[in-house]
Amino acid sequence: MTTKTRVVVVGGGLIGTWTALLLVKRGLDVILIEKGIVGAQSSGVNFGNLRLQGRHPGQYPLSLRSQALWENIEELIGDRCEFEKTGHLYVAKNDAEHEKLEQHARVAESHGLVIERIGRNELRRRWSWVGEEPQSATYSARDATANPRLVSVAVARAAQHLGAEIAENTRVTEVLRSGEGFTVKTANGRTIGCDAVVNAAGAWALEVAEAFGETAPMFAAGPPQFVTEPLAYRITPSVQAVDGSVIARQIPRGNVIFAGYPRTASDPVLNRAPVPPVKTLNGMRSLMKIAPFLKSAQVIRVWSGIEGYLPDMLPVIGKSETTPGLFHAFGFCGHGFQVGPGVAAVLVDLIVDGKTETPIDLFSINRFKNEVLVSDKLAKEFDAPAASGSRAG
Amino acid sequence: MRNVVIVGGGPAGIRAASVLVEAGLKPILVNETRQVGGQGYRAPAKSLALDIKSLMGSEAGKYQRLHSLFAALQDRIDYRPGTLVWGIHEKVLHTLSDGIAGTIPYDALILATGATDRTMPLPGWTLPGVFTLGGAQVILKDQGCLIGNRIVFLGSSPLLFLAALQYHKSGASIAAVVDTTPLSAKRAALRDLAASPRTLARGLMYRAALHMAGIPIIDGATPRGIHGEDHVEGVRVTDGRGRERLIPCDAVAYGYGLKPETQLAELAGARFRFDDIFRLWLPEVDTDGRAGAELYLAGDGAAIGGADAAEASGALAAHALLEDMGRPQPQPELARLRQEVERLRKFQRGLAKAFAWPVAQAAALSDETIACRCEAVTVGEIRAAIRAPLGPREVNRVKAITRCGMGRCQGRFCGPALQEIVSGTCNVPIEEVGRLRMQAPVKPIPLHAAAEMEP
């Protein structure tokens, strides 16, 4: 028997769950299909940063739209998910890095963000825990954090409450064109007819895209992350070294969560994302340079995840180039958490209104028809040789 | 020459080292503590001047033999005391010694990581003055301290009577030994226990000695809680006849037997199977302790078997390693060791039945009881998370949503109870709720440990 719905969302991560929620709020029938458990992959294990500073210039309209949704999260889903407007402190250790901060700041300001320039003395006066190495910083008060472990599940629950169907432990086996719409088949024997399909399957999204004759050079990797035992709450903003060596935040219950480059390889087939101990040690060393008072803090746990990356370090967002009614949102290159709700809002614009006011041309899947510009981040953020890890599914 | 590393300086690790040395190898022996002997035969600090003969009782001879064996080996092995192995990745051990991180590459690895206490949450079990049974023994032997002046020994474990007797001999006042297993369950397990009559007799002797000393022994009791304002003041139990009793005390030694320390085995690539009798996930090993390519497990870290089985399985693992290097091994000796290990582990399976893990107690826990000590997560929070729409039904997901198992101990202590709570709340067999996964560090490591290392 065929179930009928307006939209099938493939993938129960942050993008998929927010898309289901915003669609059902617009009155559309939705079935979200997740091969495992909602929010268990990169959406659930990322760093939890809602960072506005230092984003790609072309991403600001999307990011700001997303931040407005984050700031409203409690009203939207009835759960705060530990959302806190913590601010974000970007630190530089020399003139070259300082110049980089300045460039980031000018871009952010051109989009209306308020960025404070912090000199060496003020840095230590306002945040007394900052070590000797950072020489200057920029601070954005609107940047925030939330708990990724909780968000996707809470958003899915809100969508379900409003009538969306959330089908966990359900693997899509086939998506077929059927008249003006689609037929979606699952491993547990369901057949679903729908008008539109959203491909938000993260590191596994190429399975759907390639069924419709388009692809992207996506590969899987993960962010190695570490957490200390709970300590007195001192580090209120999230803090990041602009060289990428470390990013850290302390949650009010006291644990310091930190992460750093290079990212780790992860395996989307075996569903494994081990953290090599040497990365843990590198992260520990880098954190001590920024916050030396943590030198005796104990690291109690580490983790990583399985994220989809693309060589230009930009995601795929938008309409399929081959198939009307198919929409892609994947390959967020480790920065999908902040933009997630905004991406969902854009997808809903495209599905319901056929167009969106938010500029997204930069993220078209079409760009991979030609050779794309390889981001300099690829060399910096990954173990050499970059992108040689497993191809994402 | 191959780099052969043994982790663990208890009976299994020492015997493995001795077999390798006899074969002309010079293994590296990594020991987390400063003193060898493991938990059971740990040498007390010399300054304590403890009477080992009296403390070890009938096991004093074995204790002496093991320490003599190690003394003879010490110059023929590369011994690394006070060294924690916190991670294993691509045939390299990551260590912490004197606060500094280091590495030890290996070609073949014998893990003899021993066991730790298995505990079940109970109202009040996080009060100061509550210790695990094994912890109470370690404090006595390692530091020469008693956990209190008037102590209740509570739970279900062969260690219960041994620990109580050791404390009695050390001058502590024992308020009661409260055994949560009914005598009938012990009688039912007698057939398996007969596999090791000597060990069985020893257990009965401990019990008799406590009885002779006038220490009350309560069988088949159900613990109701440990109470006190900011320290233990008493234990509330319902005895075998249904009478509620309050036993005043200032310390509680509490436990339900042992569970293998398998974190390093997992990081080294061992696979796991669910064991019905212990109700634990145990590493898969062959009769000689092979758990994977160049990976061998011995002692209680592979399967609970006690000190004698640990020695024999340590020797077996070393023989297996040598055999895999292409060196023929004495088959009659191997056969004898296999038989010995099998007999003693069978006895322990009998003990596990006789001193049962309290499955019913997990189901009956009040919602207010803390399940995860590190993160202060209550049983009720776990149950509520599972019952919520789209709630988790697998232990790693329950951990992600509730924080149970996310703290300092990484689920080493709350893990078995968490499995029971998830199984009970979801109403599915325990083997279907999964197993908490491990990542390094297996124990906390300080940031400054990395400072001395070059990136």
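Biologist: How many Å apart are the end C-alpha atoms of helix α5 of chain A?
Modeller: This is a predicted model. Helix α5 of chain A covers residues 95–110, which is 16 residues.

Biologist: Within what arc do the buried residues of α5(A) fall, seen down its axis?
Modeller: The buried residues in α5(A) include A:L101, A:A105 and A:A108. Residues three or four places apart in an α-helix point the same way, because there are 3.6 residues a turn. The buried residues of α5(A) line one face of the helix, since they fall within an arc of 65°.

Biologist: Which exposed residues does the face of α5(A) turned away from its buried side carry?
Modeller: The buried side has A:L101, A:A105 and A:A108, and its cover includes β5 (88–92) and β7 (136–140) of chain A. Turned away from that side are the exposed residues A:D95, A:A96, A:E99, A:Q103, A:R106 and A:S110.

Biologist: Which residue just after α5(A) takes a positive phi?
Modeller: Just after it, a positive phi of about 90° is found at A:G112.

Biologist: How many residues does the contact take from domain 2 of chain A?
Modeller: Chain A has domain 1 (2–48 + 149–217 + 310–375) and domain 2 (88–141 + 224–304), with C-alpha centres 31 Å apart. Domain 1 of chain A gives five residues to the contact; on that side four are nonpolar, one is polar and none is charged. From domain 2 of chain A the contact takes seven residues.

Definitions and conventions: Residues numbered from 1 in each chain as written. Chains lettered and ligands numbered in written order. Predicted model: local features only at pLDDT ≥ 70, side-chain atom pairs only at ≥ 80, totals over all residues. Domains from an automatic or database assignment. Contact = placed C-beta atoms within 7 Å. Nonpolar A, V, L, I, M, F, W, Y, C, P; charged D, E, K, R; others polar. Helix = DSSP H or I, 4+ residues; strand = E, 2+ residues; numbered from the N terminus. Expected span 1.5 Å × (residues − 1). Buried ≥ 20, exposed ≤ 12 C-beta atoms within 10 Å, placed from the backbone. Arc of directions from axis to C-beta.
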